[in-house]
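Me: Could you take a close look at one part of this model for me? I would like to follow a single side chain and its partners, and then see how they sit in the whole.

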Amino acid sequence: MSHKPTVLFVCVHNAGRSQMAAGWLRHLAGDAVEVRSAGSEPADRINPVAVEAMREVGIDITDRTPARLTWDAAEASDVIVTMGCGDACPVFPGKRYEDWQLTDPAGRSLDVVRQVRDEIRQRVAHLISTLDTPA
């Protein structure tokens, strides 16, 4: 990738895991990566426990809204990271796919969501190290 890479995080509700991952990528990579997130069945709002867990590490995701996964968003992304969206995630030849098996934070305690948040941070940091970002 010689251009600014685009990463799309996808989970079912786009209210927890994918929103936390997008928040981490924006925080850690800044403007070097275009960040998107979506869900196969988006919720009405972001999981408030995920918002609180991210707030604890200085990342504000309160202004984000769950969005529906679209064919165009997936097609326009270089890397698609799925987190339990199953068969609803479209497959495009030539795209890089990663499937992250993560606990769904929906209905979980803040302690569990903190663990998910921290695991996502590690995975996002590794993802960044594998991207060809512009100098």
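Reply: Happy to! Let's start with Glu56, which is partly exposed, as its relative accessible area is 37%. Please keep in mind that this is a predicted model.

What does Glu56 pair with? Glu56 forms a salt bridge with Arg117, and the closest N and O atoms are 3.1 Å apart. This pair links distant parts of the chain: Glu56 belongs to helix H2 (residues 48-56), Arg117 to helix H4 (residues 110-130), and 61 residues separate them. The two partners also differ in cover. Arg117 has 7% relative accessibility and so counts as buried, because the cut-off for buried is under 20%. Glu56, at 37%, is partly exposed.

Asp111 forms a salt bridge with Arg114, with 2.7 Å between the closest N and O atoms. Asp111 and Arg114 are three residues apart in helix H4, so about one helical turn separates them. Arg114 is partly exposed, at 27% relative accessibility.

Coming back to Glu56, salt bridges that share partners join it with Asp111, Arg114, Arg117 and Asp118 into one network.

How does this part fit into the whole? The structure holds ten salt bridges. The protein chain has four helices and four strands, and from the N terminus on these elements run β-α-β-α-α-β-β-α. Among contacts between residues at least 6 apart in sequence, 72% join residues at least 24 apart; the bridge between Glu56 and Arg117 likewise links distant parts of the chain.

As for overall form, a compact globule of 135 residues would have a radius of gyration near 14 Å, and the protein chain agrees because its own value is 14 Å. Its C-alpha trace spans about 40 × 30 × 25 Å along the principal axes. Buried residues make up 44% of the 135 residues. The chain exposes about 6,800 Å², of which carbon and sulfur atoms supply 46%. Finally, on charge, there are 15 positive and 19 negative charges, and their mean positions are 3 Å apart.

How values were computed. Residues are numbered from 1 along each chain as its sequence is written. This is a predicted model: local features need pLDDT of at least 70, side-chain atom pairs count only at pLDDT 80 or more; totals for chains, interfaces and linings use all residues. Side-chain values use heavy atoms; hydrogens and water are left out. Helices (H or I, at least four residues) and strands (E, at least two) are DSSP runs, numbered from the N terminus. The radius of gyration is taken over C-alpha atoms; the globule rule is 2.2 Å times the number of residues to the power 0.38. Buried means under 20% relative accessible area, exposed over 50%, partly exposed in between (1.4 Å probe, protein chains only). Contact means heavy atoms within 4.5 Å. Accessible areas come from the Shrake-Rupley method with a 1.4 Å probe; for residues, only the protein chains shown count as cover. Lys and Arg count as positive and Asp and Glu as negative; His and the chain ends are not counted. The place of a charge is taken as NZ of Lys, CZ of Arg, CG of Asp or CD of Glu. A salt bridge is a side-chain nitrogen of Lys or Arg within 4 Å of a carboxyl oxygen of Asp or Glu.
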